[in-house]
Amino acid sequence: MQTAEKRETIPPVSAATNPLSAWLFFRRNLSRTAPVALVIVLSVVLIGTVVTIIRSIDLTVLTVYGYNRYFLVAVPRNGNQIAPQAEMTIRAEPLAKQIYRISVCFTNIHTIFGKFPFVLFGLTQEEMPKMLRLTRMRLVQGRLPREGEAACALSIGIARNRNLKIGDVVLAPNIEDSFAPVPVKLVGLLDGENWFAVISKEFVQKNYFPPLEEIVVAAPAPEQQPELDRRLDKALDKRLVRLFTFGQLVRELRSSLRNLYLIMNIVIAIVVLVIAIMMGMLSNIFFMQRLPEFALLAAMGYTRGMLLWRVVRETALLVAIGWTVGVLLSMGILWGLYWWVFEPRGMLLQPMDWQAYQYTVPVPIAVLAFAAMSVGPRLLAMDPVLVIERKV
């Protein structure tokens, strides 16, 4: 065994011939390292794609109902109109800048988790442009419905989701999940940061029973809307009116998805644990196959710490390559799904969801830790003389 002073006399070597280079093992043993890297790649792809698709549920709900950021909806509970005392409370609120009396009907949209109801806001001719400005929407094709007309204007996303074009029927007596007593045609397409739909209020009140009337309340600015939601939620009698706010939507969404995310986290933990144990076992097997190499390096004066650091760097390089390729492959698969499956059906998916890829980070960390814990003790206990004399 050489001393530290003697080790300092070892002449420097180039990176290409350095026996401790992490690349050396890869270049000479591609048949061993490639399958191991492939396992890491596949585990990252599995976790990245599944988590991104599951998180698209959040994206879908918050996009489809994103208009609720700009106003709250007050729905009567014991009648077809908001009780006078409740309406007085709403109108007396200083932050209530825009107030509209609306009537609504519903259609269904297709999502990754099945059909979902979507609201068509029944408005007057004067209110439609104001509501479009309030919700950051604009008319990009066709026109808005006329007073009393059996027609509607929808977001481009809804039209693509339902495979509709201008002139097609959106609601009809024979469409079970999008009912209307008479056919309602699509006359206009909207575009903007949310999904939104408008229909004539007069048409809704004449053709739907009972003719409910609800109230939309908007704050002077979107950043003041949560404060307005909180004040009215505290002031209004819940026996008379029910409020639908964006904060409530987020809370209910998180609550309903809590168990799904719990199951997802358990599955990810099991996958990471299995991959880490398997990689630790493979690292141990590879180490035993390379035992003469490590013994020779130890006999040449390289310390156990230097050799262990080499193993750590080799494993780190392996998992870094595997993780990077896995993330890139996941993005490629998700972009393919987005363009060929989700986008044509008007469904939402975010291939560049970095929060989803954060779930793959435990894979390289766990693999590196298990490999180091598996090889480290055996390397530290190795006797190079016995190995070279083939007594081990």
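Why does Tyr 65 count as buried? Tyr 65 counts as buried because its relative accessibility is 13%, where buried means under 20% relative accessible area, exposed over 50% and partly exposed in between, with a 1.4 Å probe and protein chains only. The model is predicted, so local features need pLDDT of at least 70 and side-chain atom pairs count only at pLDDT 80 or more, while totals for chains, interfaces and linings use all residues. Residues are numbered from 1 along each chain as its sequence is written, and side-chain values use heavy atoms, with hydrogens and water left out.

**Nonpolar cores**

- The largest nonpolar core holds 85 residues, of which Phe 71, Phe 118, Phe 121, Leu 154, Leu 171, Phe 196 and Ile 199 touch the most other members; a nonpolar core is a set of buried Ala, Val, Leu, Ile, Met, Phe, Trp, Tyr and Cys residues joined through side-chain atoms within 4.5 Å.
- Helix H9, residues 246-289, gives the most to this core, with 13 residues; helices (H or I, at least four residues) and strands (E, at least two) are DSSP runs, numbered from the N terminus.
- A second, separate core has 16 residues, among them Ala 86, Leu 95, Ala 96 and Leu 243.

**Aromatic pairs**

- The structure holds 13 aromatic pairs, a term for rings of Phe, Tyr and Trp (its six-membered ring) whose centres lie within 6.5 Å, with planes under 30 degrees apart counted as stacked, over 60 as edge-to-face and the rest as tilted.
- Tyr 65 and Phe 118 form a stacked pair, at 6.3 Å centre to centre and with 10 degrees between the planes.
- This pair links distant parts of the chain, since Tyr 65 is in the loop between helix H3 (30-64) and strand S1 (72-76) and Phe 118 is in strand S3 (residues 114-123), 53 residues apart; Phe 118 counts as buried at 0% relative accessibility.
- Phe 71 and Phe 121 form an edge-to-face pair, at 5.7 Å centre to centre and with 85 degrees between the planes.
- Here too distant parts of the chain are linked, with Phe 71 in the loop between H3 and S1 and Phe 121 in strand S3, 50 residues apart.
- Phe 71 counts as buried at 0% relative accessibility, and Phe 121 counts as buried at 2%.
- Ring pairs link Tyr 65, Tyr 67, Phe 71, Phe 116, Phe 118, Phe 121 and Phe 196 into a cluster.

- Thr 107 is found in strand S2, residues 98-111, and is buried, with a relative accessible area of 1%.
- The side chain of Thr 107 makes a polar contact with the side chain of Arg 162 at 2.5 Å; a polar contact is a pair of N or O atoms within 3.5 Å, where within protein one must be able to donate a hydrogen and the other to accept it, and residues adjacent in sequence count only if both atoms are side-chain atoms.
- Residues touched by Thr 107, not counting those up to four places away in sequence, include Phe 116, Phe 118, Leu 120 and Leu 171, contact meaning heavy atoms within 4.5 Å.
- Under the same exclusion of residues up to four places away in sequence, Leu 171 touches Cys 105, Thr 107, Val 184 and Ile 199, among others.

**Strand pairing**

- Strand S7 (residues 184-192) pairs with strand S4 (residues 137-142) in the antiparallel sense over five bridges, two strands being paired if DSSP finds at least two bridges between them; the bridge partner of Arg 138 in S7 is Asp 191.
- S7 is also joined by five bridges to strand S5 (residues 151-155), and these two run parallel, with Leu 186 in S7 as the bridge partner of Cys 152.
- Strand S6 (residues 169-171) and S7 pair in the antiparallel sense over two bridges, and Leu 171 stands opposite Val 184 in S7.
- S3 and S8 pair in the parallel sense over three bridges, and Phe 121 stands opposite Val 198 in S8.
- Three bridges join S5 to S8, which run antiparallel, and Val 198 in S8 is the bridge partner of Ala 153.
- From strand S8 (residues 197-200), Ala 197 and Ile 199 point one way and Val 198 and Ser 200 the other way, and all are buried.

**Cysteines**

- The count of disulfides comes to zero, a disulfide being a pair of cysteine sulfur atoms within 2.5 Å.
- The sulfur of Cys 152 is 7.8 Å from the closest cysteine sulfur, in Cys 105, and therefore too far for a bond.
- Cys 105 counts as buried at 1% relative accessibility, and Cys 152 is buried, with a relative accessible area of 0%.
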